[in-house]
Amino acid sequence: MADLIRRLSKRALRAHTRVRFLASAIRVGRHAAIHPRAKLERLNGGAITIGDRCVIHDGAMLLTYGGAISIGSDCTINPYTILHGQGGLTIGDYVRIAAHCTIIPANHGIALDKGVIAKQPMKLQAITIEDDVWIGAGVRILAGAHIERGAVVAAGAVVRGRLPAYSICGGVPAKLLRMRT
């Protein structure tokens, strides 16, 4: 009985997702499930594309800020994770992003001779997360980061730069802990 209820609620969530984004410029793949309290907004234009069979949980926020967010197929974005698009964010297939992560492909200018920080132009640098990556709870991924295929990022890490394929990385800033082999 519990299995039947779970299957029915998954179907209802997928149906709600189809209706919610039917007339939207946000593209959602087949069998994707976006919870009603997830926030997806095209702020200042930009684009959001979500692949097939993805799940976006309650409290997750996908905000374009004029850029693009592209999520492959079979991905999970867990509660209270924030994804920004300015600068460009590309996420591959089979990526798992745990709760309370922040991924922002932009940074504030901080030059001392250019005035107050709030008025300096943003520095936009794309973030790429390749296929089959697991990002632990509370990870922060900074502008310009590139996480290669099969990497695991430990909870609480701060990622900048490139993390090698099939690596396990953690810390602030994230560094190689060991390889998955």
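## A tour of salt bridges, sheet and core

Select glutamate 41 to begin: this residue is partly exposed, with a relative accessible area of 28%. Keep in mind that you are looking at a predicted model.

**Stop 1: the salt bridges**

How many salt bridges does the structure hold? The answer is 6. Two further ones are worth a visit.

Select arginine 149 and aspartate 131. Their side chains meet in a salt bridge, at 3.1 Å from N to O. This pair links distant parts of the chain, 18 residues apart. Arginine 149 sits in the loop between β18 (146–147) and β19 (152–153). Aspartate 131 sits in the loop between β15 (127–129) and β16 (134–135). Arginine 149 counts as partly exposed, at 36% relative accessibility. Aspartate 131 is partly exposed too, with a relative accessible area of 23%.

Now select glutamate 148 and arginine 162. Here the side chains meet in a salt bridge at 2.7 Å, N to O. Again the pair links distant parts of the chain: glutamate 148 is in the loop between β18 and β19, while arginine 162 is in strand β21 (residues 162–163), 14 residues apart. Is glutamate 148 buried or exposed? Glutamate 148 is buried, because its relative accessible area of 18% falls under the 20% limit.

**Stop 2: the open sheet**

Switch to a cartoon view. Find the open sheet of 8 strands, which has mixed pairing. Trace its order: β2-β5-β8-β11-β16-β19-β22-β23. The edge strands are β2 (33–34) and β23 (175–179), each pairing on one side only.

Select β5 (residues 55–56) and β8 (residues 76–77). These strands pair in the parallel sense, over 2 bridges. Which residue is the bridge partner of isoleucine 56 in β8? That partner is isoleucine 77.

**Stop 3: the nonpolar core**

Show side chains. The largest nonpolar core has 36 residues. Ile71, Ile129, Ile141 and Ile147 have the most contacts inside this core. Colour β4 (47–50), β7 (68–71), β10 (89–91) and β15: these elements give two or more residues to the core.

Centre on isoleucine 71. Set aside its neighbours within four places in sequence, and look at what else is in contact with isoleucine 71. The contacts include Leu62, Leu83 and Ile91. Thr49, Ile50, Gly51 and Cys54 are also among them.

**Stop 4: the hairpin and its patch**

Move to strand β22 (residues 167–170) and β23. They run antiparallel and are joined by 4 bridges. Serine 167 has methionine 179 as its bridge partner in β23. The hairpin of β22 and β23 has 4 residues between the strands. Select glycine 171 in this hairpin: its phi is positive, near 105°.

Finish on methionine 179, found in strand β23. This residue counts as partly exposed, at 35% relative accessibility. Together with Met179, they make a nonpolar surface patch of about 270 Å².

Terms used: Residues are numbered from 1 along each chain as its sequence is written. This is a predicted model: local features need pLDDT of at least 70, side-chain atom pairs count only at pLDDT 80 or more; totals for chains, interfaces and linings use all residues. Side-chain values use heavy atoms; hydrogens and water are left out. A salt bridge is a side-chain nitrogen of Lys or Arg within 4 Å of a carboxyl oxygen of Asp or Glu. Buried means under 20% relative accessible area, exposed over 50%, partly exposed in between (1.4 Å probe, protein chains only). Two strands pair if DSSP finds at least two bridges between them. A nonpolar core is a set of buried Ala, Val, Leu, Ile, Met, Phe, Trp, Tyr and Cys residues joined through side-chain atoms within 4.5 Å. Contact means heavy atoms within 4.5 Å. Patches are made of residues with over 30% relative accessible area and no salt bridge: like charges are joined within 9 Å, nonpolar side chains (Val, Leu, Ile, Met, Phe, Trp, Tyr) within 5 Å. Accessible areas come from the Shrake-Rupley method with a 1.4 Å probe; for residues, only the protein chains shown count as cover.
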